Amino acid sequence: MKDWLMRLMDFVAPSGSEAPVVKALLDDVREAADETWVDALGNGMARKRGHGPLLMLAAHVDEAGVMVIDIDPRGYLRLVSVGEVHARECVGRQVRFTNGATGLVHADPAKQGDLDFDALVVDVGARSREDAERIAPIGTAGAVEVPVVTWGQSLVTGRAVDNRLGCAVAAEVFRKLAASGRNVCVAFTAQNAVGARAAQAAAFQLEPRYALVIDGASADDMWHDHPAIGLGKGPVLKVMDRATVVPLEGKRAVEDAALRLNLPLQYEVSREAWSDTGGIQLARAGCVAVGLGYPVRRAGAFAMTADLSDAERLVDLAVATAEAWLG
Amino acid sequence: MPKYLSVFKQLLEAHGGPGFEEDVRNLILPHLSEYASQIWTDPLGNLVGLVPGVGEGRRPRVLVSAHIDEIALVVTRIEAGGFLRLAQAGGFDPRALVGQEVLVHTQSGRIFGVIGAKPPHLTPPSERSKAAKLEDLYVDLALPEEEVRSRVRIGDRVTIHRAPLDLLNGRIAGKSVDNRASAAVLLEALALLKGMAHSADLYAVFTVQEEVGLRGARTAGFGLAPDIAIAVDVTFGAFPGQAPDESFPLEGGVAISFGPNLHRRVFKRLVDCAEKYRVPYQIELSQRPVGADANAFQISGPGLAAALIGPPIRYMHTSVETVAYDDIWQCARLLAHYVAEVDAAQVEELTCY
Amino acid sequence: MLLKELTEAFGPTGFEDEVRGIVRRELDAMGLSVRTDVLGNVIASAGAHRPGLRVMLDAHMDEVGLMVTHIGEGRDEGGLLRFRPLGGVDPRVLVSKPVVVGERRIPGVIGAKPVHLQEASEREKPIPMEKLYIDIGARDAEDARRHVKPGDPVVFATKYEELPHRMAKAKSFDDRVGCYILLEALRRWKGDLAVFAAFTVQEEIGLRGAHAAAYQIEPDIAIALEGTVAHDVVDTPSHGQSTVVGKGPAITVQDAQTVASRRFAEFLWETAKARNIPVQWRRVKGGSNDFGAIHRIGKGVLGGAISVPVRYIHAPTQVVSLDDVMHAVDLVVAVLDEIAKGGFRP
């Protein structure tokens, strides 16, 4: 899983620019599926027909980033955020755009205090506006560059660990359930970072009875002796975020599966996150949707660390929960 | 005559916040069975009862909802000493939580707790004039830390512990009057409707997760696809310092909502019905989508004709919400008469603009 | 003159009746199939049963306005009307403006305590809405009640006028320009495509009508026609302008509710360039339009927005370039043309 994850992390894919990652993921699961397709909003879907009620797996592909909104006469770019990004996270950093171009972000020294995106310009080495328009036209998205580092056997740190790791987990669970003849599909969803905008359309198309949504869960073991969520302590059951409350029957199913497998289980209550789980749960006349996660230590929008052992145990937990539901 | 006063009080004593309304559903189920020919629970947990109308061909479909979740809290962390930190599921005023008795719902049963704050003796004057924030509050279970860690988990739900109180004039104060009062309205209305002929098929829906974004209403509206969807939800009882259009006297009658979110013909029919059957009513104005199930109903699927009625209550979203049972009764009367009179012609009219 | 008639019509969010009447009259005259849904959206179609792509064009009929909430009593307040906003009216632009109230179109003015009687600290802040009243000239509450009632909708009383160099001023260019563009495009469009025109309600309070209209139509492609913010005025550097009046219709890359499909945005841009229609990018992230709702409905919808720059949007007097309006019509017709010829596949 580590090599695959590192390849997935290499894609710059802010909300709206998911296509290349979606393609890579669909290529990866194609053999296990009866059909794959990409929908109008950029969600990548794969389905395998089998017996029993339909289970939808989901993991969002996109990350938060920036977008070129204007180019000034001298060839410097102006940015806006895509999703939750603070302007100060970009100052002095290199931004890699989806088309491969790279720029350096400068902050206006005359602006003190809490910076916003109005105070930033990006130098892409252009000599004029026309030059810049060729390098990174208005509408181009990008993300702050962060080198990937691995620590020991299972710790990976870099950009977009969350949620490329989730995508890898979802793909793996899909393969396992498909191989055992279950009725299962996986959606690699788009536009989560800008407010979970596309997941509901995916669920609308698939009409699942159950859904398992895989995403990162913010760890706080950097600051607390008794952390709510820590790396290496196992998968996470997401109880509540701004978009969803876990259904009781779903919670019980996950807890029973964890007990049977003798897996440690952590719990997340998030005041900030807006998960895909909400939209999926409320598509059409509703379904039983549960969010599961792997702990991730976040240092802002662009850098984070996860432990692959948590992801591996998450795969087992998700498969066991699904098998209990699907019979 | 009102039948469900004691059931209403039972409902006020039940505990069920967004996503864990099981106990409340189970309390309502036997009563709903007296009226509904079919009952089911949808994937979100909405409790639906169908009371069919009479007549050949396609009958009008009317959905009436009352959300049964109360605002609740969730454990986010266990601190040193065994104190619990909280997040909210639904809108609390943290100042009204200070000193509040609560119940923590754990796998091994309910544990009693108190939401703590520093006593005045230890609070410097500068702090005393600042309002508490939810992140600064904690639950004290009066148990040793190890016992707390073994019994309580992050994600466990916390509800207000408050028995209902009988005040003067048939007024009742307690927690979860928002919106168990409307559940009582539905039950009273169903009882009245049993004695009336109606052509409409009525779907009585006890919705869930309203307090965290009208979630039950979204799936119920889509799944049942009614012609008309009426939400019953409480509104602001009169109190000093409230603007006149946000202040409705108790015993002043049913608040019937008017505004862009609500279908003007259904509104007019409700008002005409109230006039005809001498139901005291007050008009509540809105300029935006309302903070109740009717909001979700209006933009469900192809769009629905939505309405909102309800009794006024004081002290909304505290543990002493106060309602006059008389207003609940009048609301039920209006609802029953309205539903009894819905016919195919009224449904046709909904697209006459 | 249709644009004048549309912008002067009384149609605050939730009370679009007068605009609906004009739109229906124009659509009937074109011989299109027209219906109105439960929310009050008007939906017209041309070639609805043609096989192939279903294209939805959208414009909203509502404008921002006010609602009377209370009739004042007593010596100081008797007969004065308290109000709240219908949609996102900028409270700073309300004071000292003439308005029109309710079904009977009663004229009124929005007034506040005169500056002579204000404290220095009061004068430094915009007057809050709670301190403003609508005055219809009533002597007392009883007098007022003979003419208006709580719940009555209110709009600004601005008249449409053309200015030199093909500019114009009026209220509610947001989004009567969209309605106008859509009607004119339908008049000119002759081609082989299933086209649905949705004139929606209640965009200003959450894109409400568009949710329902998109669900009913199930389009493959949707384009919202909107009036959008232009702040190309003194003291504004290029990156604070959003759009420039006179430089043509604007295409969105991102707004508060949408990350635009790059492929479709480029298709709109290339279509404009190929036919020499001036076009610009919408260079700001804030604001939204019906496409914000439409694209998420059902299985998801591809498309975007074509916007006309409007100065002083959500204010009583707005300014546009009529050239931008006509170019927007040209662009819409050109886009339909290209799609009908297979120039864009979802």
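Two strands count as paired if DSSP finds at least two bridges between them; strands themselves are DSSP runs of E, at least two residues long, and helices are runs of H or I of at least four, both numbered from the N terminus. With that in hand, look at chain B, where strand 15 (residues 254-258) and strand 17 (residues 305-310) run antiparallel, joined by two bridges. B:Ala255 sits opposite B:Gly310 of strand 17.

Before going on, note that this is a predicted model, where local features need pLDDT of at least 70, side-chain atom pairs count only at pLDDT 80 or more, and totals for chains, interfaces and linings use all residues. Residues are numbered from 1 along each chain as its sequence is written, while chains are lettered from A and ligands numbered from 1 in the order in which they are written.

Now zoom out to the sheet in chain B: it's open, with eight strands in the order 1-2-12-3-13-17-15-16 and mixed pairing. Strand 1 (38-41) and strand 16 (281-285) of chain B are at the edges with a single partner strand each, so one side of each has no neighbour in the sheet.

Over in chain A, the domain assignment (bounds come from an automatic or database source) gives domain 1 (2-63 + 159-326) and domain 2 (65-144). Their C-alpha centres lie 31 Å apart. Twelve residues from domain 1 of chain A and 13 residues from domain 2 of chain A make the contact, which is counted when C-beta atoms, placed from the backbone, lie within 7 Å.

Terms used:
Two residues are in contact if their C-beta atoms, placed from the backbone, lie within 7 Å.
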